[in-house]
Amino acid sequence: MPYSIPSATGLTLLVPVSVVALDIIRRLVRSRRERKGSPLPPGPTPIPLLGNVLSLDTNEPWKTYTEWKATYGDVLYVRLLDQEVVILNSQSDAVELLEKRSRIYSDRPFIATIEPYGLKCAFAFEGYGDQWRLCRRIFHQTFRPDSALTFRPMQLRRARQMIVNMIDDPDRYSSHYSTFSAAVALSAVCDYEPRPRNDPMVYTVDRFVHACVQAATPEKAILVKTFPFLLRIPDWLPGSSLKCEARSSYEWATKTVEDPYQYAQKRMEASQEPTVSMVSDHIIRMQKYDESNRSKYETALKHASASAIIASAESTSSSIITFTLAMVENPHVWKRAQTEIDAVLGMDRLPDFDDRPLLPYVEAVLRETLRWQPVVPLGIPHATSSSDVYKGCYIPKGAIVIANSWAMSRDETRYPNAEQFVPERFLTPDGELTDDNPSSFVFGFGRRLCPGRHTADASLWTSIATMLATLEFSLAKDAEGKDIIFEPKYVNGITHQPAPFPCRISPRSHISKAFLERVLAG
Ligand code: HEM
């Protein structure tokens, strides 16, 4: 065979690949030494260096992990290059480890895309330390259950405003959901009232979320982790698209952090009256700190505010899109919900939070929406801060630990025909609600449990109940009046939501824009 001199490109690739390979071997040897013979949890056989990367569906990894559950069980171990990952497929194991042993399981892993995509501003990705604690404390003061109750009138008003927008421009339903979801957070964070449509602050948040959300998973970060130079190559070289995407995401992140903060600051300066919002409350508290602590506090406040805005905008609107898809596919569900609503409320008023206990079927629709397509199917990955032994298996220090909500939602013994949208599964034969609530797994576990869940629950209930009371959902029609049948597609990343689909959303016969405007006015 003729001897060939490696090309410049070959050499350029050879160096980083060799460094990565040596690092993987070094870590694997160290991990084996530390285990002292204890087995790792069962899992698919990894191939040298790459581990299980090639057997994984990186677009919907939750499905692969759920399939592997059938062979390897509820707690399984996979390796993605050198990264050790433990998947928890059952709620009981997630509670056992992430809640009962939360001292070990509350860190976050290094994900190579977080920093370059500007996601460092979200404390959801912050390691388990003082900065995270401060952000979470600031966040909690605004979003804890009793404070979150004060948002309810605003949530009702925004949900009703959303219906006016839907009647005006039903085809842009997804944009109306984004406006509603961001409006709730922006109001709590900086007392900002977005315009009903085309609001600049909502636009910024939307752009940032779209730019970063698909990149922020350990499975998708593999490329950047393996070839970090991809973030440094010149714009004109092939392969620079990733760097450009990251740069654009970073720019939107900066605006998402700064704009709400500056808005609140300016309002405080301009207003004679004290303004009430997360940012203004903490700007006042901050005055008592010295210069260096104040700067730390200011960063934490900005991160707590950005986290609320990003998390609320993305997860709430994804859930409402999921609900819409379920209604279009299952018209008998919205019809049954409307019968319940009309019987309790009559036809001349809209649902209020006081009606909630009287509407068990609407509640079951909300629970089934959360279960059917969990919007954060793998939660946000946890990481171990020390090694552990669970059910006789060794869990390494630094392992990523994932609570697979998707697998929990597909548990056929708990949810028969799990792929179907069946709210009745949450009702007894007498029509009472059962004790089963998917909120017990879709919001995560332990010290990292979603701190926005009370606000999320109220936003989702009010939007779903108001939509059910006022709208009808059906398939869109083509030019010849035939139903447009479609196969749902999903946009996947750290979240999972239906991609836009054709549908017809129209007001019920007794609902008009004038009626809604009267309700809003009065
Ligand atoms: C349907 C709606 C929502 C779902 C399904 C959801 C789900 C989750 C999940 C699974 C986590 C990770 C928990 C863990 O690590 O174990 C999380 C974290 C978080 N969520 Fe939510 N969430 C929702 C809405 C919201 C809203 C509306 C807000 C803000 C108001 C919010 C703020 C946060 C924050 C700040 C974290 C990071 C917590 C930390 O790392 O300490 N979420 N959420």
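On a 1 Å grid over the protein atoms alone, a pocket is an open set of points where a 1.4 Å probe fits, with protein on both sides within 12 Å along at least five of seven lines; its lining residues have an atom within 4 Å of a point. Grid points are joined across faces, edges and corners, and a volume is the space filled by probe spheres set on the points.

This is a predicted model: local features need pLDDT of at least 70, side-chain atom pairs count only at pLDDT 80 or more, and totals for chains, interfaces and linings use all residues. Residues are numbered from 1 along each chain as its sequence is written, and side-chain values use heavy atoms, with hydrogens and water left out.

**Confidence.** pLDDT is the predictor's confidence in each residue, from 0 to 100. The chain averages 92. The model scores ipTM 0.99 and pTM 0.92.

**Second largest pocket.** Its volume is about 310 Å³. The lining holds 17 residues. Nearest the centre lie Thr-142, Phe-151, Val-276, Ser-277 and Asp-281. Helices are DSSP runs (H or I, at least four residues), numbered from the N terminus.

H12 gives the largest share, four residues.

**Iron site.** Cys-450 (SG) is the only protein donor of the ligand's iron atom, at 2.3 Å. Donors are N, O and S atoms within 2.8 Å of the metal (3.2 Å for Na, K and Ca); water is not among the atoms, so sites may look incomplete. Cys-450 sits in the loop between H17 (439-442) and H18 (453-470).

Terms used. Helices (H or I, at least four residues) and strands (E, at least two) are DSSP runs, numbered from the N terminus.
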